[in-house]
Amino acid sequence: MVRAFRPESVNHALEIMSENQVIPLAGGTDLMVQRRAWSGLPPRFELPVLFIDHLEELQLLRKEEEQLRICAGCTFTSLLEHEAVPWEFKIVIAQIACPQIRNRGTIGGNICNASPAGDTLPLLYAFDAELALVRKNDSRKLPIEEFLTGPGQTVLEKDEILKEIVIPVYSFNTFFYRKVGARRANSCSKLSFTGCARVDGNKITDIRMSFGAVAPTIVRSREIEARLRGKTGKELNKLIPEIIDLYAELIKPIEDQRCTIRYRKTISLKLLHHFLGDVIMAKMT
Amino acid sequence: MRINFFLNDKEVQVETDPLRRLLDVLREDFELTGVKEGCGEGECGACTVVLDGKIVNSCLIPVGTVEGSQVTTIEGYRTTERYRVLQDAFAEAGAVQCGFCTPGFVMAADAMLRKTPMPNEDEIKEAISGNLCRCTGYNAIVEGIKIASRKGRGLW
Amino acid sequence: MKGKIGDSMKRVDAPEKTGGYASYIADMSFEGMLHAKTLRSTKPRARIKSIRVPDIPKGYFIVDKNDVPGLNRVKLIVDDQPFLADEEVNYIGEPILLVVGPEKVKIERILSEIRVDYEELVPVFTMEEAEQQGSEYCFTEYEIVKGNPIPAFERASDVFEDEYRTGYQEHIYLEPQGVIGEYGNGRVTVWGSMQCPYYVKNALIQGMGWEEDRIRVVQTTTGGAFGGKEDYPSIMAGHVAFAAVKTGKPVKLIFNRDEDILCTTKRHPSVIRIKTALDEHRQIIAMEIDIKLDGGAYEGLSSVVLQRAMFTSTGVYHIPNVRVKGKVLKTNTVPTGAFRGFGGPQSCFAIEMHMWSLAVHLSEDPLDFKLHYLIRKGDRTVTDGVMRHDVKLPDMIDLATGMSDFRTKYAAFNKGNDRVFKGIGMSLFNHGCAFTGSGEKDKIKAKVKLKKRADGSVEILVANVDMGQGPMTTLRKIIAQALDIPVEKVIYENPDTDRVPDSGPTVASRTVLIVGGLLEKAARQLRAEWDKAPEFEVLKQYEQPPYIEWDQETFKGDAYPVYSWGTNVVEVEVNPITYEIKVIEIWGVYDVGTPIDERIIQGQVEGGITQGLGYATIEVMNSKDGVLQQGSVTDYVIPTSMDSPKIHHCLIKSYFEYGPFGAKCAGELPFTGIAPALAAAVQNALKIPMRSIPVTPEYLLEAVEGAH
């Protein structure tokens, strides 16, 4: 049985995928852990693996006028080192795992692994990321919130790979990110809050908020954000309790070996309160 | 699968299951037992090797992906002058107790010093944040790396 | 050797470890070697009705209880644990059999096809449930009384009572457990990562039912242990010994990390109640202390852990009347065992938090309150022993408060505000050096040998191992200093029971104090007789210091020959939004007698502190329905470099006349004081009593914001 394919190009990879059922493997920092076997035995892959970490076409990064295009195979380290990557992204990526993992783990892998606690996901939601998927002779593009459907679940077809993440141009002047883990480094997220906004004078021009690890997928609500758009500081102050209640309905964490339901929910809402009541308010003139 | 790569500066070839962990290929096929298994899940860093200039956990690397790459283990590194400086510095600082984690820390330290020859304490701690030590409490290791950076000026 | 003994030298074993030259057990391979993997119980309590084994190919073997040539009981204090399950299993993870063979793939396949037919029995999962079961679920129970607590409680004006809890802790030595067994020429040899070669040998003698000269145990370079490799290796050694004899080939058994976390021994969780009687002048006149430890499914070392917990239950304080009750309860969970501190940290947490709370209850400054009750030389301990040596705590406290600016900060943080939660806490603690009670004299009877060689080198022959704590260097220094020869001329190899006498286990912080002490004596004799022959040996056997009086039946007298002392100050900041604890700085002042090597002591201090921080904050381990919920290093987190704060320490000068060059004990002490100091700091920050560790953000959320 073929254990692995090592395609020479993306097209070659798609060709292979059109004819074989495979498991694409980029950095391997999730898959090699999930499928690990007894020491000395190879990890358990029931299908052939398709190595894609060497494909340079998947490691490109292009800054265009209206968007930033990050190829899925960019490692976290390469994103930290690239000048075109927004500093907000670097803040989030720098808190992922540790150097050894960042040198191999890819943004594409983080997305396709679709963990509710995926570190890049809340950020990508807040930045309205769109994902470009390709298969042989075909491609499609969809917003990230349509791509992720549940814990570990995506709409990726068996013969498709994630090629690119497209970040539309944005202009935030306020950014707040807080990941709560079990320790200061190399820690899975118990919960996270991402808040980006544009505050002009005394008004909120734009605001995006997303919560990680507190629901089956990332929590973001454009409806709630719309309620805040255009509001002044005074109006925001009055709205905060209602906004918190609205998010409280959407935040549905689980209890597991890492954290309790109550902690995840309470702290998420406290961070939200801090973002609105302290960070945004401080930006208002 | 036949995989050709550079191991400790020597060109080598293996014919093996490409999904075998690089850690196992190094320890079993090449008898490079300086690369240790502490957890098998990329958390402890005891299996740290340098792959194309960057530190990685060899327990998470399928050997098929190292085709054409440069792999350096502690066995390759310990013949260098930079290693000698680190070894002395570690001993001077008391950075070695049971020693199981030490080769992994050495590889991580060298990778960082190559990028930042005169690191501050925060940079050092960040660079070794993927290596666990249960014996020393880390301060001595950080101190050892500081000493190495001072005494090894010009080497990195 | 030049200079004074404590002057730091570069560790003898550092270069070989740094360069990856040192061989640990997993690095070793023998000709024709087979691998082994353990089939474990999936039930917390059950009778094994039958085991259906598939057809196994030639060259593969099943090793089960029928392959135990001798007694299927692991020799420890109470021989209740089988090497391989007999008719019953008592915890999830209990070893039932091994599959042994040349290829791991086939071993796994065979394992997956084995069917164990269980008749499930009713398990007991918690200490509370165990107490309701009666004596069947109580391994051990003791009581000690000092003075007259009952009348004291009767005349008390005020009684203050509280309960304290500590959780599991897993060692996470970086090197997972492993052994290799070999059979040849009628002898079994076991190599492995271990603390106590003779414990393993004695367990094999009983398990094989053979004469002692047919069994050989060799320690391999050990990548950390902390107590986790004190008794557990005996079980694994038995497994590979039986397998080696059955197969005729060497057998290697190395645990996966997850397996190691889930199935090997852990620190005893505890519930400790302390009740204090105060008289009309608000003086402490009596205490009643009730200690409960969770022993898991088999007793193991639990009785001694309980003893130490009880003998140190009043901490560093002199309490005139005390009743201490202790129990080790049996639960159908993973057996608990030795871990740095060995019952001491549990008691220390309870008594330190209690004294703090008492002070607050009486509106007194906690440090002044504690100082008032400090035990002094000449006072009687809780076992009616005499504190025979100076207690330097007052000076140590002065040093620690000075270094950390404790009093100013404590007062300032006490006033505090809601935006920033800063706190500082202090703990006082001790560690009774070496074996509890009469263990050294009656059980261990340590023997050491020193061999002079013709080339003028001297070899240390002891059974004690270097597991990272440095005896490869410190014991050599002792010999070098006593003989006035260079350290390079002293030889000390990993112990091999064919070559070394039984100098006792590497536990209880006894290696330098007891074994080093004997070696010093041997060296002086060797020196005096140096010219008697080109090659000869000196043997020395342990003699108890004449002043020790101890009754093992009544637990009365000097529980330990001497104590080491410590004080810690921990400063923290608690995040007001997330309740995460940031440790800002830690100070420690220690009395360990003469340090044999200052840098090695520093290593024990910083390592012990960091491990203590983990115990106090992030090392969460819960058992649910008999299964440990944090079963990998992803979920059971230990501190990383980014979690380690600035640590300042100093040693106070002291000299113990019965220790080598005046040394006492140092390995466990630095661990003990951190949890109570940290909890006290959090208490100072949040103004809420801390009664349980680990102090997690989830716990603090509940404590501060309560139930909605």
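**Exercise 1. The domains of chain A**

Task: State which domains make up chain A in this predicted model, and where their bounds lie.

Solution. Start with the bounds. Chain A splits into domain 1 (4–168) and domain 2 (174–283). Next, take the centres over C-alpha atoms: those of domain 1 of chain A and domain 2 of chain A are 26 Å apart.

**Exercise 2. Where the two domains touch**

Task: Describe the contact between domain 1 of chain A and domain 2 of chain A, then work out what domain 1 brings to it.

Solution. Count residues on each side. Domain 1 of chain A puts in 18 residues, and domain 2 of chain A puts in 21 residues. Now look for the elements on the domain 1 side. Helix H4 (87–93), helix H7 (121–126) and strand E8 (148–150) of chain A each give at least two residues. H7(A) supplies the largest share, five residues. Finish with the classes. This side of domain 1 of chain A holds 13 nonpolar, two polar and three charged residues.

**Exercise 3. Chain A against chain B**

Task: Find how many residues each chain gives to the contact, and which element of chain A gives the most.

Solution. Begin with the totals: 27 residues come from chain A and 29 residues from chain B. Then list the elements of chain A that give two or more residues to the side touching chain B. They are helix H2 (31–34), strand E3 (49–51) and helix H5 (99–102). H5(A) gives the most, with three residues. By class, this side of chain A has 13 nonpolar, nine polar and five charged residues.

**Exercise 4. Chain B against chain C**

Task: Do the count for chain B and chain C, and sort the residues of the chain B side by class.

Solution. Totals first. In this contact, 40 residues of chain B meet 44 residues of chain C. Five helices of chain B each give two or more residues: H2 (74–77), H3 (81–93), H4 (102–115), H5 (121–127) and H6 (139–151). H3(B) provides the largest share, four residues. Now sort the chain B side: 18 residues are nonpolar, 13 polar and nine charged.

**Exercise 5. One helix of chain C**

Task: Check the span of helix H18 (residues 674–686) of chain C, then decide whether H18(C) is mostly covered or mostly open.

Solution. Helix H18 of chain C has 13 residues. From first C-alpha to last, H18(C) reaches 18 Å, close to the 18 Å expected at 1.5 Å a residue. Turn to burial. A residue is buried if 20 or more other C-beta atoms lie within 10 Å of its own. By that cut-off, 13 of the 13 residues of H18(C) are buried, and the helix is mostly covered. Last, look just past its end. C:Lys687 follows H18(C) and has a positive phi, near 60°.

Note on methods. Residues numbered from 1 in each chain as written. Chains lettered and ligands numbered in written order. Predicted model: local features only at pLDDT ≥ 70, side-chain atom pairs only at ≥ 80, totals over all residues. Contact = placed C-beta atoms within 7 Å. Nonpolar A, V, L, I, M, F, W, Y, C, P; charged D, E, K, R; others polar. Expected span 1.5 Å × (residues − 1). Buried ≥ 20, exposed ≤ 12 C-beta atoms within 10 Å, placed from the backbone. Domains from an automatic or database assignment.
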